[in-house]
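Hi there,

Here is the structure I promised to pass on. Have a look at it first, and then read on for what turned up.

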Amino acid sequence: MSRQELHQTLWPSTFVLDTNIASLIAELRRALDDSAATPRFIRTMHRFGYRFIGRVDEPPILAAATPRGAGYYLVWDLRQVPLADGYNVLGRGGDASIWIDAPGVSRHHARILIRGGEATVEDLGSKNGTYVASTAVTAPRRLDDGDQIRLGSVVVTFRMATSSVATETAS
């Protein structure tokens, strides 16, 4: 990645000196027990940026990867968060069932009710609104597998695990 790409990814609207990136890379190297002189993971690309050079072993791909025991879950970034039967409050409050600490998300933003084989979402009076696709949620709304829910600026995907999907056996 170029230093410019790193700046845009880590600090999109903030002025930061190149020395901050160098300091972060040094911290990563310390954590990985890596060295700039003889790198195993991060190579400096002089006058450009940095390159990951570590070996990557990919796990076998399964046809259905779901959290254990979860029939319903939310996908947010690289996380899969199982939903419990009953009410699941989404927000940045410490007492929220699903904690989403992001700008524009209210302390108690929305809730998803799992009951009787169905899931519904409703807004809890949030400041920035709750949307499914591009439609504002103004009353409890039924969720279908793959629905995208926007909470302020955060988008999560609602997923339903189906037991009828077979998994592939890894060899």
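Predicted model: local features only at pLDDT ≥ 70, side-chain atom pairs only at ≥ 80, totals over all residues.

Which charged end sits over the ring of Tyr131? It belongs to Arg150, and the distance from the centre of the ring is 4.2 Å.

**The chain overall**

You will find two helices and 13 strands in the chain. Of its 171 residues, 30% are buried. Among contacts with a separation of 6 or more, 32% are between residues 24 or more positions apart.

**Aromatic rings**

A pair of aromatic rings is described by the distance of the centres and the angle of the planes. The count here comes to one aromatic pair. Its members are Tyr72 and Phe158, and the pair is stacked because the ring planes are at 20°, where under 30 degrees is the cut-off for stacking. The ring centres are 6.0 Å apart. Tyr72 belongs to strand E3 (residues 72-76) and Phe158 to strand E13 (residues 154-160), so the pair ties together parts that are 86 residues apart in sequence.

Are these two residues buried or exposed? Tyr72 has 14% relative accessibility and therefore counts as buried, the cut-off being under 20%. Phe158 is buried too, with a relative accessible area of 0%.

**The largest pocket**

The largest pocket holds about 260 Å³ of space. It is lined by 13 residues, and those closest to its centre are Leu6, Ile25, Leu28, Ile42 and Tyr50. Which of them gives the largest share? That is H2, with five residues. By class, the lining has 12 nonpolar residues and one charged residue, with no polar ones.

**One more residue to look at**

Arg115 is part of strand E7 (residues 110-115). With 58% relative accessibility, Arg115 counts as exposed, since the cut-off for that class is over 50%. How far apart are the C-alpha atoms of Arg115 and Gly86? They are separated by 6.0 Å, although the two residues are 29 residues apart along the chain.

If you open the model, you could begin with Arg150 and Tyr131, then turn to the stacked rings of Tyr72 and Phe158.

Best wishes

Note on methods. Residues numbered from 1 in each chain as written. Heavy atoms only, no water. Phe/Tyr/Trp six-rings, centres within 6.5 Å; stacked < 30°, edge-to-face > 60°. Helix = DSSP H or I, 4+ residues; strand = E, 2+ residues; numbered from the N terminus. Buried < 20%, exposed > 50% of the residue type's maximum accessible area, 1.4 Å probe, protein only. Lys NZ or Arg CZ within 6 Å of the ring centre and 35° of its normal. 1 Å grid on protein atoms, 1.4 Å probe; cavity = no way out; pocket = protein on both sides within 12 Å on 5 of 7 lines; lining within 4 Å. Points joined across faces, edges and corners; volume = space filled by probe spheres on them. Nonpolar A, V, L, I, M, F, W, Y, C, P; charged D, E, K, R; others polar. Contact = heavy atoms within 4.5 Å.
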